[in-house]
There are 2 protein chains.
Amino acid sequence: MILSENLEKLIQALNRFPGIGRKTAQRLAWFLIAQDKNFALQLADTIKTTVESFTTCHLCNMLSESDPCPICNATDRHDTHLCVVESNSDIQIIENMSEFRGRYFVLNHLLSPIDGYGPEQIHTAELLNRISVLQPSEVILALKPSSEGEATMHYLWELLKDKNVTITRLSTGIPFGGDLEYSSINTLANAWKRRYTV
Amino acid sequence: MILSENLEKLIQALNRFPGIGRKTAQRLAWFLIAQDKNFALQLADTIKTTVESFTTCHLCNMLSESDPCPICNATDRHDTHLCVVESNSDIQIIENMSEFRGRYFVLNHLLSPIDGYGPEQIHTAELLNRISVLQPSEVILALKPSSEGEATMHYLWELLKDKNVTITRLSTGIPFGGDLEYSSINTLANAWKRRYTV
């Protein structure tokens with residue numbers, strides 16, 4: 001017996017979030033109904049306001065409330081360094097580090113021809129255009145070291161290698177706090193190969 | 001640098017869900033913004049509609065779109081069996097089993113004096129009243145076997161033991177598919193004590 005059509009609709013909607021299964025969706029839906037109503041109504045409003053206020057920055061491809069976005073617009077950030085990331089949320093992660101004061105470019109996808117993500121889907125033309133405008137001295141490919149990430153970095157390196165710009169990527173190895181025992185054989189072999197004098 | 005006040009508000013709101021940490025909340029918020037806008041707006045609407053349509057059934061304490069709720073109102077369900085559950089979502093779980101055709105009563109909390117949940121908070125008076133009206137032959141205490149659950153079952157048993165009603169609780173033991181190796185010592189000791197002939 002389905003107790004309520006509305007509740008079922010809410011559960012199915014929450015179930016569409018990535019990583020939220022049916023059981024978690026049920027728990028969240030009951031939480032919304034059982035806790036104070038104001039919280040749920042405010043959440044609904046916040047979703048609406050936020051989603052409606054975001055647009056794509058035509059310079060860096062990031063979702064933002066203004067176009068150009070605050071980072072492309074900032075006068076106290078340097079054009080000398082351009083950081084290429086896979087997704088919008090990566091920018092917040094890098095910003096939290098408080099190390100980087102350059103510009104960003106969001107690919108939105110990694111190269112994965114089997115999933116239909118080719119050079120066009122990762123916005124190659126816009127990236128090349130951005131590089132020719134900014135003339136950075138370094139392009140940091142801050143992509144994850146998965147097979148798609150590696151393919152994308154290789155592809156971008158091929159495109160950029162003759163352009164008089166230093167192309168870097170994030171270091172790979174054993175994560176801090178990580179265990180040799182729980183590291184994959186690939187991670188370990190890579191860390192071994194890239195070992196450095198202490 | 002906080003990229004957007006609105007986004008931050010949305011993340012904090014999602015972060016209030018039980019079991020949703022800051023990182024998951026960030027992922028969900030970006031999903032809402034980056035995926036198709038219609039889904040997000042529909043979700044906001046569904047939250048509003050659902051939350052506004054629910055009210056508490058004055059008979060069984062369950063959150064429902066009608067008062068009395070569909071289960072208290074159903075003429076094809078039996079007054080002979082009353083199932084006492086901790087929360088609203090437990091009802092859907094028991095209904096999915098398609099075994100039970102009696103009535104329910106929702107406590108909303110388990111007894112936990114340290115958290116401020118005493119007899120009043122678990123709606124003892126309303127439960128006793130419901131029992132005196134329905135006159136069930138069996139009251140099933142479908143509560144979890146935690147320390148709060150055990151305390152609540154013991155308390156309710158004390159209240160009901162002289163009332164000419166059979167009081168039952170769910171069986172405890174090793175779950176189907178469970179491993180002896182991964183069962184806690186309490187679970188195992190209990191299953192050992194409650195072993196039965198095959």
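These legends walk through close-up views of a predicted model. Local features need pLDDT of at least 70 and side-chain atom pairs pLDDT 80 or more, while totals for chains, interfaces and linings use all residues. Residues count from 1 along each chain as its sequence is written, chains are lettered from A in the order in which they are written, and side-chain values use heavy atoms, leaving out hydrogens and water.

**View 1. A:F17 meets B:F31 across the two chains.**
Ten aromatic pairs turn up over all chains; here, rings of Phe, Tyr and Trp (its six-membered ring) pair if their centres lie within 6.5 Å, with planes under 30 degrees apart called stacked, over 60 edge-to-face and the rest tilted. The A:F17 and B:F31 pair is tilted because the planes meet at 55°, with centres 5.7 Å apart. A:F17 lies in the loop between α1 (5–15) and α2 (22–34) of chain A, and B:F31 in helix α2 (residues 22–34) of chain B. Helices (H or I, at least four residues) and strands (E, at least two) are DSSP runs numbered from the N terminus. A:F17 is buried at 4% relative accessible area, and so is B:F31 at 15% (buried is under 20%, exposed over 50%, partly exposed in between, with a 1.4 Å probe and protein chains only). Ring pairs join A:F17, B:F31 and B:F39 into a cluster.

**View 2. Arginines sit over the rings of A:F39 and B:F39.**
The charged end of A:R16 is 4.2 Å from the ring centre of B:F39, and that of B:R16 is 4.2 Å from the ring centre of A:F39. The rule asks for NZ of Lys or CZ of Arg within 6 Å of the ring centre and within 35 degrees of the ring normal.

**View 3. Cysteines A:C69 and B:C83 are in no disulfide.**
A disulfide is a covalent bond between the sulfur atoms of two cysteines. With the cut-off for the sulfur pair set at within 2.5 Å, the count over all chains is zero. For A:C69, the nearest cysteine sulfur belongs to A:C60, 3.7 Å away; A:C69 is buried, at 0% relative accessibility. For B:C83, the nearest is that of B:C60, 11 Å away, and B:C83 is buried at 3%.

**View 4. The lining of the largest pocket includes B:E86 and B:S87.**
Among its 43 lining residues, those closest to the centre are B:E86, B:S87, B:S89, B:D90 and B:I93. A pocket is an open set of points on a 1 Å grid over the protein atoms alone where a 1.4 Å probe fits, with protein on both sides within 12 Å along at least five of seven lines; lining residues have an atom within 4 Å of a point.
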